[in-house]
Amino acid sequence: MRAFTASHSAALTHCNAWLADDARWLDAPRPGTTLGIQKHGLMQAEVDGSDAEGSEKAHDAVGAFRPLLDEVAMLGDTIAEVSLAWSPVADEGRELARGEGRGAYARLQPGEVGGTADLCVLAVAESKAYVVDYKSWAPGVDVDAREQLRTLALFVSRAYGVEEVEVRTGLMGESEGKWADVETFDYFDLEQIAVERAEQLARPIGPPVPGPGCRWCPHRADCAVARAAVDALADTVPAEMLARSHKLSLDVVDDAHMEWQLAMIPLVLARTEAVLVATKAYAERKQQAGTPAVFADGREYTNQPTTVERPALEELGAIETIRDYGAEGAIRMSTSWDALDKEIGKEKAGELRRVLHDAGLTRSRVQDSFRARKTPEMKSAKKRGKGRAS
Ligand code: SF4
């Protein structure tokens with residue numbers, strides 16, 4: 001049970017198979033990129049004056065984040081990189097160490113679990129604390145630290161006896177910092193989190209259950225279920241590329257990471273395209289067999305080929321007709337209805353479309369159109385519902 005730390009909270013919500021291997025993961029190297037570790041070190045140095053080195057990129061990110069740090073530091077006494085212990089049985093917490101990170105977990109007592117807050121701000125007179133977790137970020141990156149922050153809020157409340165904890169994620173971009181997931185937990189919320197975590201930790205160890213938390217699971221490299229997902233890529237991505245410690249990310253760390261990403265992208269795109277083709281073929285086979293593929297909400301994923309038409313520039317008279325409408329600017333190697341709309345407006349283009357169609361100056365082709373569609377039963381049930389409401 002000691003192997004659980006706050007950073008594993010998301011995995012714990014859907015799977016506890018990895019808890020079977022007691023304490024093994026506490027010694028695992030700290031996850032994260034070199035740049036991320038440098039940013040954390042520099043942020044710690046900003047608060048407690050410790051020594052830290054970082055690349056220019058890391059310094060830029062910390063500089064961009066500094067105004068936010070100043071804002072939260074005004075709220076009370078700051079503690080950087082504080083490691084905490086919590087006992088699920090007694091529902092009691094304590095401070096383990098400051099500035100030691102994961103190294104402090106060696107001092108966890110049997111039955112205790114641990115967690116480290118990147119920054120804790122204590123306003124004891126108000127019985128309130130603030131917890132900040134720093135995450136590397138770039139526009140478009142999805143960062144979800146909510147479960148980790150909920151656990152840290154619990155640990156902080158129990159360690160310092162405060163009844164309210166406000167948590168937030170400090171998103172550190174290359175030249176921009178911002179807050180995310182700002183949330184306040186009161187006495188009752190913290191009680192609820194304590195019960196939740198105690199129950200999760202007391203669950204009998206079960207088989208691996210994959211879910212979004214696999215991303216943060218300490219067991220990921222060894223887990224048969226997670227391994228199977230990686231193996232599924234083995235036929236398109238060479239093993240030596242998967243073995244590198246890089247990950248596809250919007251936060252490009254260094255030149256080696258950039259090179260790896262550029263090599264991976266065509267492989268991933270090819271794989272995605274192949275998966276899409278196979279998925280549509282599966283849906284089509286089911287549709288032809290009379291048992292369409294069905295989504296969980298009841299919609300059927302089917303192919304309803306549609307006919308699309310385009311102006312046939314190769315037909316004698318087509319170009320002249322388009323010119324007569326003043327739409328010659330839309331003619332390149334070919335043209336489309338969209339281009340004609342843009343050139344002469346929808347109304348005039350609509351009239352031109354009818355003229356071209358009636359004169360046989362268009363080409364048509366049938367193309368596949370896969371979509372999830374509501375069944376007639378679903379549509380009439382909705383209509384009936386509306387009827388009742390009105
Ligand atoms: S990687 Fe495996 S053990 Fe870890 S959370 Fe996912 S399924 Fe569970």
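Helices α4 (residues 146-160) and α5 (residues 187-202) pack at an angle of about 110° in this predicted model. Their axes lie 9 Å apart. Angles of 65 to 115 degrees count as roughly perpendicular, so α4 and α5 are roughly perpendicular to each other. On the α4 side, the contact is made by Arg150, Thr151, Ala153, Leu154 and Ser157. They meet Leu190, Ile193, Ala194 and Arg197 in α5. By class, this contact of α4 with α5 has five nonpolar, two polar and two charged residues.

The ligand is surrounded by 15 residues. Cys15, Pro208, Cys214, Cys217 and Cys223 are the closest. The shell around the ligand has twelve nonpolar, two polar and one charged residues.

Three strands build an open sheet. Their order is β7-β8-β11, and the pairing is antiparallel. Because β7 and β11 each have a single partner strand, they stand at the edges, and one side of each is left without a neighbour in the sheet. Strands β8 and β11 pair over four bridges in the antiparallel sense. Within this part of the sheet, Glu300 stands opposite Arg373 in β11.

| Strand | Residues |
|---|---|
| β7 | 293-294 |
| β8 | 300-303 |
| β11 | 370-373 |

Helix α8 (residues 255-288) lies across β7, β8 and β11. The angle between α8 and β8 is about 95°.

Conventions:
Residues are numbered from 1 along each chain as its sequence is written. This is a predicted model: local features need pLDDT of at least 70, side-chain atom pairs count only at pLDDT 80 or more; totals for chains, interfaces and linings use all residues. Axes are lines fitted to C-alpha atoms, for helices over the stretch in contact, and angles run from 0 to 180 degrees between N-to-C directions. Helices (H or I, at least four residues) and strands (E, at least two) are DSSP runs, numbered from the N terminus. Angles under 35 degrees count as roughly parallel, over 145 as roughly antiparallel, 65 to 115 as roughly perpendicular and the rest as oblique. Two residues are in contact if their C-beta atoms, placed from the backbone, lie within 7 Å. Ala, Val, Leu, Ile, Met, Phe, Trp, Tyr, Cys and Pro count as nonpolar, Asp, Glu, Lys and Arg as charged, and the others, Gly among them, as polar. A residue is near a molecule or strand if its C-beta atom, placed from the backbone, lies within 6 Å of it. Two strands pair if DSSP finds at least two bridges between them.
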